[in-house]
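Subject: the model we talked about

Hi,

Here is the structure for you to open alongside this email. My notes on what turned up follow below it.

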Amino acid sequence: MSAEGPQPPSEAELAEMDRDQLLKLGGELDGVEIVDYPEPWPVKNTRAERRAERLVAFWFVLSALAGLAFVVVLAWPKWWEYKAPSDPTGHETYSLYTPALGVTLGVAVLALGIGVILYTKKFVPAETSVQQRGDGPSKEVDRATILAQLADAGNRSTIARRSLIKRTAIGGAGVLGLAAAALPVASFIKDPWKDTNNKDSLWHTGWQPQFAGEKVYLRRNTGSLDEDVEKGVTRVRVEDLDAGAMETVFPYRDSEKGDREALAAALTRVDNPVMLIRLRTTDAARVVKRKGQEDFNFGDYYAYTKICSHVGCPTSLYEQRTNRILCPCHQSQFDALHYAKPIFGPATRPLAQLPITVDEEGYLVARSDFIEAIGPAFWERKS
Ligand code: FES
């Protein structure tokens, strides 16, 4: 505001001014010259105006529907429950889960944004003004006048009487807010405890026998089950690994013999992979066994879960010279000579050890499932 410009009114004068007067005063005090200030819709309730209103409402409604669809996809078990590629009915739906989340959330945000932009373009007056810039903090009179200007802009945008736009905007933003609030609780929707004694619960793996006394062999993944089911299953014999070697093995239950679906599922179940390590004899002599697990190995053979105890990545790297098992995700290292206890990195618990032995035919078999839960910590886990 220049020294030669209009003088600010007294407090009493200010209190008596209506919005239009404050608006005009604000411009004068700030040296603003309004060059053009057209009404967006000078003639009320024309067809074009109503069409513009419906267009804005359409985008807000679309945003609300897409937000709702996002919440439904997020919460509906048919979408997120894992179905293996071998499942002809379920896998296709499962494979659409992530794209469906992305598309619904994307459309919800995009539609809300388009609605806001369209409302601004169609209903907020586009004035053209020239203003001199002033320095320093705003005076009381400036604050009062800018508030009047903002209120006037809102008034001229006719938002007060646009109940359709107001309701749909609130609906769109509200549903989107619901979707945002649903995200952090989504992990609780997948209830791993719906059947605690089921073999699929967090306490058991595919190494658990289906019935007492069932043999569970250590099996290689040969990558083929197509032609001859039994040919595709190769059990590991005690002489198969050289000293210092490591191989990833999977469970092969007696009861799954000839069952193509079960045999394929055993290779994809996430808690099944086990590292079978044959230590060199000189290294095996230095092994320190875990209390209560002194007989879990068979000779120089030790079997540890491949699921890292930090956050569950596959600990696929075995360094033969140092006998260290490495997890590539966050560089945890486990000592294979010391019941796979962590010696470096963020992991704090040893890798669970699978108790193994050899049957009368010379095949390596699991003596039982793991005696503890494998992988990362979870709420009910004590250790
Ligand atoms: S998951 Fe293995 S170190 Fe983090």
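By salt bridge I mean a side-chain nitrogen of Lys or Arg within 4 Å of a carboxyl oxygen of Asp or Glu. R269 is buried as well, at 17%.

Before you read on: this is a predicted model, where local features need pLDDT of at least 70 and side-chain atom pairs count only at pLDDT 80 or more, while totals for chains, interfaces and linings use all residues. Residues are numbered from 1 along each chain as its sequence is written, and side-chain values use heavy atoms, with hydrogens and water left out.

How confident is the predictor? The average pLDDT (confidence in each residue, from 0 to 100) is 85, and 91% of the residues score at least 70. Helices (H or I, at least four residues) and strands (E, at least two) are DSSP runs, numbered from the N terminus.

Back to the charges. There are 17 salt bridges in the structure. One of them pairs R156 with E39 at 3.5 Å, N to O. That one ties together distant parts of the chain, with R156 in helix α7 (residues 140–156) and E39, 117 residues apart from it, in the loop between β1 (33–36) and α3 (47–75). E39 counts as partly exposed, at 35% relative accessibility.

Helix α7 also has a local pair: E140 and R143 are three residues apart, about one turn of the helix. Their closest N and O atoms are 4.0 Å apart. E140 counts as exposed at 55%, whereas R143 is partly exposed at 46%. Elsewhere, E49, E53, R161 and R162 are joined in a network of salt bridges.

Now the greasy side. V61, L65, L68 and L178 make up a nonpolar patch on the surface, with about 350 Å² of accessible area together. Such a patch takes residues with over 30% relative accessible area and no salt bridge, and joins nonpolar side chains (Val, Leu, Ile, Met, Phe, Trp, Tyr) within 5 Å; like charges are joined within 9 Å. The areas come from the Shrake-Rupley method with a 1.4 Å probe, and for residues only the protein chains shown count as cover. α3 gives the most to the patch, with three residues. L178 lies in helix α8 (residues 163–189) and is partly exposed, at 46%.

Helix α2 (residues 19–29) is worth a look too. Its buried residues are L22, L23, L25, G26, G27 and L29. At the start of α2, a side-chain oxygen of D18 comes to within 2.9 Å of the backbone nitrogen of Q21. After the helix comes G31, with a positive phi near 70°.

Which residues have a positive phi although they are not glycine? N45, at about 60°, is one, and it lies in the loop between β1 and α3. T158, at about 65°, is another, found in the loop between α7 and α8. T158 is buried, at 9%.

Cheers

Notes. Buried means under 20% relative accessible area, exposed over 50%, partly exposed in between (1.4 Å probe, protein chains only). A polar contact is a pair of N or O atoms within 3.5 Å; within protein, one must be able to donate a hydrogen and the other to accept it, and residues adjacent in sequence count only if both atoms are side-chain atoms. pLDDT is the predictor's confidence in each residue, from 0 to 100.
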